[in-house]
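Subject: The structure, and what turned up in it

Hi,

Here is the structure I promised to pass on. Please open it alongside this note, and then read on for what was found.

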Amino acid sequence: MKIGSIAIVGAGAVGSYYGCRIAQAGHEVRFLLRSDYEVVREKGFVLESSAGDFQVAEPAVFRDSTELGPVDLVIVAWKATANAHAEEVIAPLLHEETRILTLQNGLGNVELLEGLFGRGRVLGGICFVCINRLAAGHISHTGGGLVTIGEPAETGVLQEVASLFGDSVEMTVVDDLALAQWRKLVWNIPFNGLCVTEGGIDTEELLSRPGKEGEVLATMKEVQLAARALGHEIPDDFLSNQIERTKPMGPYKPSSMLDYVNGHPLEVEAIWGEPMRRAEKAGVAVPRISALYHRILELDRQR
């Protein structure tokens with residue numbers, strides 16, 4: 001299958017950044033926008049990037065998926081909290097051979113999309129990148145950018161999808177998508193979680209507080225144990241490396257922390273709830289992850 005047209009569903013920080021990188025590589029990219037539509041239509045996208053600033057001055061932007069129409073690849077980059085709208089938004093973007101790539105955090109997103117649109121259509125992607133949306137159409141990229149993709153069922157398009165990113169983005173293809181997802185959770189569960197429960201702080205402040213680096217590592221070890229029980233081995237040095245790689249990021253604001261301080265819904269189930277349930281079903285006690293889940297769930301409900 002030759003991929004000619006791509007739709008970005010969820011053009012926030014992640015969707016805008018990677019969509020613009022794909023457009024920069026010369027591909028046809030259509031952005032589905034809601035609140036940012038007018039600004040982006042008028043001014044385009046501006047990306048401040050550690051890899052070099054650039055603009056996409058006249059992006060193809062749409063307010064409605066029926067107007068955007070069928071494409072060859074749909075990249076889902078919205079928060080998992082928007083998944084209730086997946087069927088109505090994504091269905092008009094599909095033709096018989098359309099593939100769907102989810103770049104969402106956590107677990108359960110691939111399975112949800114497969115349930116809606118069929119096994120064999122869906123690929124999973126994991127982003128290792130520091131990105132923030134500063135304003136409508138204005139994205140800050142301060143580091144990283146690796147995208148790891150895999151698939152739960154053979155589709156034959158993994159390499160074609162990987163090639164879309166060209167030389168602008170580092171891309172790897174993995175045989176074990178689930179392992180890649182659990183490796184990402186090693187960072188996401190403690191850093192996103194503790195930055196929220198500590199009151200909405202950045203990673204630099206979190207690691208500077210007494211005992212918190214140890215708490216991060218202990219939570220990572222629970223993720224490691226859960227992954228191992230499910231057949232996915234994560235070595236010890238991967239955990240410590242994640243902490244050491246975070247320190248040079250400075251006062252980085254994880255996505256869940258930004259959602260929390262800005263009053264947006266949190267991806268509670270995808271990042272903490274589903275991993276916790278899978279761990280417990282496998283017979284692994286994860287008290288720290290459970291405590292984070294219930295605390296963040298309560299904070300989310302309070303709003």
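Gln242 sits in helix H10, which covers residues 236–246; helices here are DSSP runs of H or I with at least four residues, strands are runs of E with at least two, and both are numbered from the N terminus. With a relative accessible area of 8%, Gln242 is buried (buried means under 20% relative accessible area, exposed over 50%, and partly exposed in between, using a 1.4 Å probe and protein chains only). Setting aside neighbours within four places in sequence, Gln242 is in contact with Val186, Trp187 and Met220, where contact means heavy atoms within 4.5 Å.

Before going further, a word on the source: this is a predicted model, in which local features need pLDDT of at least 70 and side-chain atom pairs count only at pLDDT 80 or more, while totals for chains, interfaces and linings use all residues. Residues are numbered from 1 along each chain as its sequence is written, and side-chain values use heavy atoms, with hydrogens and water left out.

Now to helix H7 and its partners. Two packed helices are described by the angle between their axes and the distance between the axes. The axes of H7 and H10 come within 10 Å and cross at roughly 55 degrees (axes are lines fitted to C-alpha atoms, for helices over the stretch in contact, and angles run from 0 to 180 degrees between N-to-C directions). H7 and H10 are therefore oblique to each other; angles under 35 degrees count as roughly parallel, over 145 as roughly antiparallel, 65 to 115 as roughly perpendicular, and the rest as oblique. On the H7 side, the contact is made by Arg183, Val186, Trp187 and Phe191, and on the H10 side by Phe238, Leu239, Gln242 and Thr246. These residues divide into 5 nonpolar, 2 polar and 1 charged, where Ala, Val, Leu, Ile, Met, Phe, Trp, Tyr, Cys and Pro count as nonpolar, Asp, Glu, Lys and Arg as charged, and the others, Gly among them, as polar.

H7 also packs with helix H9 (residues 212–229): their axes come within 9 Å and cross at roughly 145 degrees. By class, the contact of H7 with H9 has 13 nonpolar, 1 polar and 1 charged residues.

The next partner is helix H12 (residues 268–281), whose axis comes within 10 Å of that of H7 (residues 177–197), with a crossing of roughly 125 degrees. H7 and H12 are therefore oblique to each other, and their crossing is left-handed. Here Trp182, Leu185, Asn188, Ile189, Asn192 and Gly193 of H7 meet Ile271, Trp272, Pro275 and Arg278 of H12. The classes in this contact are 6 nonpolar, 3 polar and 1 charged.

Leu299 belongs to helix H13 (residues 287–302) and counts as buried at 6% relative accessibility. Apart from neighbours within four places in sequence, Leu299 is in contact with Val196, Thr197 and Tyr260. The C-alpha atoms of Leu299 and Gly193 are separated by 11 Å, although the two residues are 106 apart along the chain.

On to the strands. Strand E6 (residues 73–76) and E7 run parallel, joined by 4 bridges (two strands pair if DSSP finds at least two bridges between them). Val76 has Thr102 as its bridge partner in E7. Both faces of E7 are covered, with Arg99 and Leu101 buried on one side and Ile100 and Thr102 on the other.

E7 (residues 99–102) also pairs with E8, in the parallel sense over 3 bridges, and Thr102 stands opposite Gly124 there. Of the 14 residues of E8 (residues 122–135), 10 are buried, so E8 is largely enclosed by the rest of the structure.

Strand E9 (residues 138–150) pairs with E8 in the antiparallel sense over 11 bridges, with Gly124 opposite Gly150. Their hairpin has 2 residues between the strands, and Gly137 takes a positive phi near 75 degrees in it. Ser140, found in E9, is buried with a relative accessible area of 14%.

Happy browsing, and write back with any questions!

Methods: A crossing is left-handed if the near helix is turned anticlockwise from the far one by less than a right angle, and right-handed if clockwise.
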